[in-house]
Structures are given as C-alpha cells and as structure tokens.
Amino acid sequence: MTYKNPPTTPRKSATFDDYTLSEIRRAAATGIYDIRGGGAKRKLPHFDDLLFLGASISRYPLEGYRERCDTSVVLGSRHAKKPIELKIPITIAGMSFGSLSGPAKEALGRGATLAGTSTTTGDGGMTEEERGHSKQLVYQYLPSRYGMNPRDLRRADAIEVVVGQGAKPGGGGMLLGQKISDRVAEMRTLPKGIDQRSASRHPDWTGPDDLEIKILELREITDWEKPIYVKVGGARPYYDTALAVKAGADVVVVDGMQGGTAATQEVFIENVGQPTLACIRPAVQALQDLGMHRKVQLIVSGGIRNGADVAKALALGVDAVSIGTAALVALGDNDPRWEAEYNELGTTAGAYDDWHEGRDPAGITTQDPELMKRLDPIAAGRRLANFLKVMTLEAQTIARACGKNSLHNLEPEDLVALTIEAAAMAGVPLAGTNWIPGKNGF
Amino acid sequence: MPATKLSRTAAHDPRVFDLDHQSLRELNQALHNLAPGSNETAWEVLNPKGSHSVAVGVDQPVAIDVRGSVGYYCGGMNSGSTITVHGSAGPGVGENMMSGSITIKGDASQYAGATGKGGLLVIEGNASSRCGISMKGIDIVVYGNIGHMSAFMAQSGNLVVLGDAGDALGDSIYEARLFVRGKVDSLGADCIAKEMRPEHLELLQGLLDRAGVTGFKPSEFKRYGSARTLYNFNIDNADAY
C-alpha cells in the first residue's frame, strides 16, 4: 500500500472570490461594465446593529393596544402655504415611469393613498396613472427635466429637487434602449430605443447659491404653495443638509448607499456614497447646529425594511423615512412564484436586479405590454398598503415599549449599538457600556 | 441700456409693476391670477435691477415689457406670453419654456433657454455658455455669438446663431438642429456638420422671419446635428466621452 501525502483542501481567495472572478470574466468577454438596478448589496453597518432598550424601572411603557401612539407628520411647514400632512412617517421614494411600468406606478399611488402617505414621481415625468391614484404626490425636479412642465408642477403636492441619490451620488439616470418604448420616448423627447443617460448635474444651476435662486423660482411659479424638498445622496450629509437648508429647502431628503436605482454601474453602487446609518447623525447634527431641527424636516431612505428600521431612524432624529426597494417587493418584485423564469434569466428570486433589461417576470420594471399585465395594480396597491400599515404598527409597538406616545418622541437615548462601528456612526453607546466612539473623550 | 420713455406709471396702472416699490411676489401673483381671456393683456415691469424670477410661470397670452436688466430665470416655464426684456438677462432666461416668446434686447448669460420645450427665445445680443443646454423643442435665435458647451445634450428644437459658436458645440446632441453662420471653435462629441437640404433652408428662413432677422440668407449658415453614433453604448466608442 502506497502512502499518499494528505492534500490540503482547495482554498479560494478571499480577495478573488467567486463573484469577483465571474465579474472579471464577464468584463473581459463583453467589454462593458456591469449595469444593474437596486442599491448596495455588500454587508454594511445598518439598523440591525442597533437595539432599543425598552422600558424598565426608570422608564414606563404605554399599553400596547390601549394608549395612543401618534404616527402623523407634517412636511414642509417652513415656507409652504400648503404643507403635506401624512398619517404615517413612511413615504414612497421617487421611481420613474420608464424604469417602472404604468400599472406599477399606479399601484404605488394606490398603496400610498390607502395608507395615508405620499408617493413620488421619477426621472420620466408625471403620469396620469400616478397623479390620479395618489392623494399626495411629490414631483421630482431632476437634471434631465424629462416631461417637466408648469402644469404638473402646480398639480403636484410637493416638489423634490433631486441633486443626487444614494445608489449613485454624482451620477445621472440611465434607461437603456430596451425600455424606451413609444410612450417613454415621447414623455422624454427622445428617439425610441436609444440608451438614455441623463445628465448628472442640473442644466441651469450649480452650487448652493444658485440652488437658492432656483428654489425661489420654483416657489414663485407655484405661488409659494408647495413644500420644496431637496434630495441628496449620502455623500457629505452634514454639509449637504446645511447647504440645502441655507438654500431654502422645506425638507431635506438624504438617501444612503443602500437606496436603489433603476440602473447604473455596479462599481458605482458598491463604491460611492455612505451607508444610510452613517448619514443620519451628521444630517441631524447640521439641522440642530442651525437651530432648524424639526423646522426643516429630514427624510432618510436607503435600506428601510420594517417598523424597527423606521423606529430607529426616527429615534436618531429623522422626521420620516422613504422606501423604494421594500415597496417594490411588496408589489411583487423578486417573488419566488416566478422562480422558473428568473432561472431562465440566469438568476434567482431575491437576486434579480437586471431591471434595465425590461424583462422583469413580475411585470414591474418593464415596458413590455405582456409582462406588465402580470401586475394587478389594485391587488398590488393593497399589498403595499398592508405592508405600510404593518411597518407602522411595528414602529408603534416599539415606541410604546419605550414609553413614547408619538413615534417622534423616540430619541437616541432609547438605543444602544451592537458594534463599535454602529455606535460611532449612530452616536449611541456600545451595548453594555457608556462608550460612544468619537465622543466621551476617546 | 438707455432709459426708455414710459407711457404709464405704476401709481396709476395696476398692470405696471415698479419693483422699486412692489415685490416680485406681487408681480408674479398678479400674472398668475389672470384668467383665460382676460383683457389685461399688456404689462410692464419697471426697475427690475437684476431681480431673479421675473415673470416666471406665466400661462396666459399677455405681453410683458421689462424695462431694464433681469437676473436668473426670467420668463422661466413661460407658457404663451410674450416677454420683452429691454436690457440684458442673467442665467437661465426662458428655462423650460413651453410656448410663447421671449426677446432679450441685450445679452444673455449662461443656460439661456435650458430644457425649453417650445416657444421662441430671441437674444439680440450675445449668449454665454451652455445656450440651449438640454433643449427639448424650443427655438432659439441669437443675433450675436454663443459661448462654449452650447446645445449640450440638446434633444429637440432649433438653435440659430448669426455669429460664432464657442467650443464643444452640440456635445452629446440628440435630434436638435443647430444653424451657425459664423465659425465654430469646435464640435462636441457626436456632433457633426450636416448637409443643408432645401427643407432646412426653408425651416431656417422661417426661424429668421419669426425672430425678426433681416439681411441674412439661410444659405450663409451651416447646419450641425447628431452623428447618432453614441445613441447605443459601445465600448469601442468610450474614447469619445
């Protein structure tokens, strides 16, 4: 019997892991960067790294089903004659008609309206579907200005000047030829079938001083009625928030890197911008330093998935959150019922992110008439409303347990962090200690 | 600009706004309050002194004479009114205009007619950089020269320049048509000189007529537009960006 030396187990590189190798091969074969939808998929410090303390001897709770816990929020009271009043502090983020189908936009409007909140247009103009089915609709003012017109500005309930988004701070919109149908092309004044790559900067203003003048123009056009939001990607949240306030914003929207996009480069999504958790405290700090906290409202988005995330964001000083990816999942995105078709596209339910290709089995991120039929906007709207109500109930459950009769009474003191990173980012103590990294002298 | 003799004064006529004594808000609100078919069709703005957002979002077919120079976004999102600025205009004049017309007797700063969807913008002096940026159907006629990066990502509409154009004209242009009579310092990515066919000569003559230009023939102009090579991404074109 021959003795064989024991072999070592084959070992793959942590640096050159399977995904990385596959991407190198894909790039070499195709000569184009990887484009996908969604937000950052890498593991990041997030709300999961925070815990609520709940009540104890020094804090007493409210009765779960008997004592009121307010969830309402008013957005835009700084300058607007007609601020937005929402029943819940969870809004629907901007997503374009073009990236989404008409029925999907309708479903978002229906769900938001049933739940007492607002929805938002996107980089493609306002459609009748969403205006008609959204009690409160925020109209985005984007660098591309596709479909922008004064009539829609006036029939919006608020205006959101989009400077950037979390998935791609510094990047413009992208909608590839497969999704530029006749209707999308007409709304955007573009030839059908071209690859549309929107500008990353606004065409008629640059910098905070210009922004102030631009906001004045929008207010004058709409007779100072509409709240004006300024949305930024999670780049420099302290300064971006302060500058937006200086420019006259009623509401600042900060979108962290987990916030989704319809399509952009994978390298952009995963490597530019900061996690949502890292953006909140600097943004709140900027408002507090200016004496504008709760006067200018702060909306945060990017990876909000449940009522606990809502409660944690509010405890850190946010006025409302916004959801995009979670709303699409509630409509039916990435549903395992379409697994066989996801497999045909070379992916699996839960991982499908080639929204730009327009072949979405769930019929949401597509302009294909046959696929679009798969989404029933009434049923999907109901699912979204259910989800929003569950999130709200969950947040209330936590708030009552912390003794709060309003979600907005939650505070950083109610939280601890499970990791040093999260403690430093959120500015709350590491669990079991009174240590907040970066504060208390070290 | 020389002072213009006025036939009316703000003290006597509610359609004359003196921004020395009345606010921009009052002016724009009065213009927005106009009902369709109103007989109050002639308006005058005195002492604009560089005010921003003069006569923005007007959506009735009225005439507005602005006696002096304006700041940013004069006539922004104009829908149907006829605005004449008897002076120069700051950045973004006529931005996102839908219809109607705006005439600037002097010069215009950056981004004139940006993202305009329709109507006619006439600049009787020079226009600065990024004139007609992202234009989406507007017609722009400039008597003088235009600056660099003009008609960047221009999607639709016509830009006519009687003088010269700066660098990178029509960079990443889509389907807008550019007519330049003088020299062009350089063309931007995917913008090329194109043949002036009879329909273009006819189109250009119509634009010159609408803008009140006389003494120039369409045949003196060159036409520029998209080569359409960048409409669908190809890695081998990456050097063009």
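Leaving aside its neighbours within four places in sequence, Ala249(A) is in contact with Ile215(A), Ile228(A), Tyr229(A), Val230(A), Ala244(A) and Val296(A), where contact requires that the C-beta atoms of two residues, placed from the backbone, lie within 7 Å. This is a predicted model, in which local features need pLDDT of at least 70 and side-chain atom pairs count only at pLDDT 80 or more, whereas totals for chains, interfaces and linings use all residues. Residues are numbered from 1 along each chain as its sequence is written, while chains are lettered from A and ligands numbered from 1 in the order in which they are written.

Ala249(A), together with Val252(A) and Val142(B), has the most contacts inside the largest nonpolar core, which has 192 residues. Such a core is a set of buried Ala, Val, Leu, Ile, Met, Phe, Trp, Tyr and Cys residues joined through C-beta atoms within 7 Å, and a residue is buried if 20 or more other C-beta atoms, placed from the backbone, lie within 10 Å of its own. Helix H14 (residues 377–401) of chain A gives the most to this core, with nine residues; helices are DSSP runs of H or I with at least four residues, strands are runs of E with at least two, and both are numbered from the N terminus. Because domain 1 (11–125) and domain 2 (130–229) of chain B both give residues to this core, it lies between them.

The bounds of these domains come from an automatic or database domain assignment, and their C-alpha centres in chain B lie 25 Å apart. Across their boundary, 17 residues of domain 1 of chain B are in contact with 18 residues of domain 2 of chain B.

Chain B also holds an open sheet of eleven strands, with mixed pairing and the order E1-E2-E3-E4-E5-E6-E7-E8-E9-E11-E10, two strands being paired if DSSP finds at least two bridges between them. Strand E1 (16–18) and strand E10 (191–194) of chain B stand at the edges with a single partner strand each, so one side of each is left without a neighbour in the sheet. Strand E9 (residues 177–180) and strand E11 (residues 222–226) of chain B run antiparallel and are joined by three bridges, with Val180(B) standing opposite Lys222(B) in E11(B).

Between the chains, 21 residues of chain A are in contact with 36 residues of chain B. On the side of chain A that touches chain B, the largest share, five residues, comes from helix H6 (residues 207–221) of chain A.

Notes
A residue is buried if 20 or more other C-beta atoms lie within 10 Å of its own, exposed if 12 or fewer, and partly exposed in between; C-beta atoms are placed from the backbone.
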